[in-house]
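Work through the following exercises with the sequence and the model at hand. Each task is followed by a solution in steps.

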Amino acid sequence: MLISRAHKNGTLQRDSLYEGLLPLLSPGLLFALLTAWVMVSPDDVLSKHPRLFLWMTGVAFSNVTCRLIVCQMTNTRSEAFHWLLLPLAAVIAGLSAGLWVQREFAVLVGYSVLVTVAHVHYGVCVGKQLSEHLNIYVFSLGKPHQQ
């Protein structure tokens with residue numbers, strides 16, 4: 001009801017249904033791909049390595065969500081396809097084809113490291129850009145000296 005009223009008033013940020021649902025595409029694809037990994041896993045990865053799989057899942061969703069939050073805060077269009085989904089799709093394709101049957105744990109560790117490094121890198125870059133924009137030091141109450 002509120003959405004239809006906002007559409008009639010012309011106060012929606014995104015006018016089309018596609019633009020409104022675009023932020024749901026990456027998390028939806030991530031969920032589908034992770035579910036597919038669990039289903040096609042020849043080594044039953046979720047039972048044998050639940051902590052690492054859940055770590056990777058949490059960090060991947062955190063990265064996607066943080067990017068969506070930054071897009072919303074800056075009033076910019078969110079990306080339709082998150083780049084971390086491409087290696088995940090390759091992992092699932094390789095597991096489905098039987099390429100990495102014996103190396104599934106190594107693939108899980110590798111993808112977990114990739115996702116974690118990418119998330120830390122994104123956080124550091126956003127912190128650095130915000131500190132430069134606001135002219136403050138990160139984790140400090142002092143301000144840089146003006147030149």
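Read along the sequence, the elements follow the order α-α-α-α-α-α-α, with 7 helices and 0 strands in the chain. Helices (H or I, at least four residues) and strands (E, at least two) are DSSP runs, numbered from the N terminus. This is a predicted model, in which local features need pLDDT of at least 70 and side-chain atom pairs count only at pLDDT 80 or more, while totals for chains, interfaces and linings use all residues. Residues are numbered from 1 along each chain as its sequence is written, and side-chain values use heavy atoms, with hydrogens and water left out.

**Exercise 1. Describe the chain as a whole by burial and by contacts.**

Step 1. Of the 147 residues of the chain, 26% are buried; buried means under 20% relative accessible area, exposed over 50%, and partly exposed in between (1.4 Å probe, protein chains only).
Step 2. Take the contacts between residues at least 6 apart in sequence: 69% of these join residues at least 24 apart. Contact means heavy atoms within 4.5 Å.

**Exercise 2. Determine how α3 packs on α6.**

Step 1. Helix α3 covers residues 25–40 and helix α6 residues 85–97; their axes are 10 Å apart and form an angle of about 25°. Axes are lines fitted to C-alpha atoms, for helices over the stretch in contact, and angles run from 0 to 180 degrees between N-to-C directions.
Step 2. The angle makes α3 roughly parallel to α6, given that angles under 35 degrees count as roughly parallel, over 145 as roughly antiparallel, 65 to 115 as roughly perpendicular and the rest as oblique.
Step 3. The crossing of α3 and α6 is left-handed, that is, the near helix is turned anticlockwise from the far one by less than a right angle.
Step 4. Residues of α3 in the contact include Leu29, Leu33 and Ala36, and those of α6 include Leu88, Val91 and Ile92. By class, this contact of α3 with α6 has 13 nonpolar, 2 polar and no charged residues. Ala, Val, Leu, Ile, Met, Phe, Trp, Tyr, Cys and Pro count as nonpolar, Asp, Glu, Lys and Arg as charged, and the others, Gly among them, as polar.

**Exercise 3. Determine how α3 packs on α5.**

Step 1. The axes of α3 and α5 cross at roughly 170° and come within 10 Å.
Step 2. This makes α3 roughly antiparallel to α5.
Step 3. Among the residues that meet are Pro27, Phe31 and Val38 in α3, and Phe53, Phe61 and Leu68 in α5. The contact of α3 with α5 divides into 12 nonpolar, 2 polar and no charged residues.

**Exercise 4. Examine the length and burial of α5.**

Step 1. Helix α5 (residues 50–74) has 25 residues and spans 36 Å from its first C-alpha to its last, close to the 36 Å expected at 1.5 Å a residue. The expected span is 1.5 Å times one less than the number of residues.
Step 2. Buried residues of α5 include Met56, Asn63, Arg67 and Cys71.
Step 3. The cover over the buried residues of α5 includes α3, α4 (45–48) and α7 (104–134).
Step 4. Serine 112 lies in α7 and is buried, with a relative accessible area of 4%. Leaving aside residues up to four places away in sequence, serine 112 touches Leu52 and Met56.

**Exercise 5. Which phi values do asparagine 75 and asparagine 135 take?**

Step 1. Most residues other than glycine have a negative phi.
Step 2. Asparagine 75, in the loop between α5 and α6, has a positive phi near 55°. Asparagine 75 counts as partly exposed because its relative accessibility is 48%.
Step 3. Asparagine 135, in the segment after α7, also has a positive phi near 55°. At 29% relative accessibility, asparagine 135 is partly exposed.
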